[in-house]
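Colleague: Could you show me, step by step, how to read the strands of a sheet and the helices packed on it?

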Amino acid sequence: MKQQVIIIHGGSSFDSYKKFLDDLKNQEVTIESFLPKKDWKIHLQSELGGEFQVLAPRMPNSNNARYEEWKIWFKRMFPFMESEPILIGHSQGGIFLVKYLSENEFPKKIKALFLVAPPHSETHEISDFVFKKSLEGVEKQCPIIHLYQSKDDPIVPFNEVERYKKDLPSVKAHIFEDRQHFNQEHFPEIVEEIKNL
């Protein structure tokens, strides 16, 4: 049986439809904004090798994400999940997994949770992704939690790490100086950590 790795990608969410439209009209774009993305999530399967199966669902409406929509689509994966999956959430995907696991019992035993540059609901405009409960349910269900954050992240402030360390005392924080929002093409550190589990 292959070790499953489930990646939930990032996105954006807004408190109103007007704010979403304003963002579409006013966000800075370059030619790179319209080129296919080649980030570490695409390469993860080949870099982990044949002993792993990487599942990477495209979450609904990622440019204006809604928690209930993501929750419905995430739960549609459950019949295909093997025991002890490794969960990875990047950015909005990280806050989604934390919120889901704090409010719901996952149907399988989880091997580990990896959070990559996750915003915290106390400091971000994240619509309905706000934490409603303490995060104890996350630690109860995840025996291993890793968090990756870079000091130069232009999207998620570095002090979010301290908020997560307070709410999830068992988290192992991996701090970088120059990875910004972890949109790089390769992520050898997370590959190594997964292989060492």
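Predicted model: local features only at pLDDT ≥ 70, side-chain atom pairs only at ≥ 80, totals over all residues.

Colleague: How many bridges join strand β4 to β5?

Modeller: Two strands pair if DSSP finds at least two bridges between them, and the elements themselves are DSSP runs numbered from the N terminus, with helices being H or I of at least four residues and strands being E of at least two. Here β4 (residues 112-116) is joined to β5 by four bridges, and the two run parallel. On β5 (residues 145-150) there is also a parallel pairing with β6 (residues 172-176), over five bridges, and H146 stands opposite K172 in β6.

Colleague: What is the order of the strands in the open sheet?

Modeller: The six strands, paired in parallel, follow the order β2-β1-β3-β4-β5-β6. Because β2 (52-55) and β6 stand at the edges with a single partner strand each, one side of each is left without a neighbour in the sheet. From one strand to the next, the twist averages 15°, where angles run from 0 to 180 degrees between N-to-C directions of axes fitted to C-alpha atoms, for helices over the stretch in contact.

Colleague: Which helix makes a β-α-β unit with β5 and β6?

Modeller: A crossover is right-handed if, with the strands pointing away from the viewer, the path from the first strand over the helix to the second runs clockwise. Helix α6 (residues 160-167) makes such a right-handed unit with β5 and β6.

Colleague: Which strands does α2 lie across?

Modeller: Contact means heavy atoms within 4.5 Å. Helix α2 lies across β1, β2, β3 (86-90) and β4, at about 165° to β2. Helix α4 (residues 92-103) packs on the sheet as well, touching β1, β3 and β4, and its direction makes about 130° with that of β3.

Terms used. Residues numbered from 1 in each chain as written. Heavy atoms only, no water.
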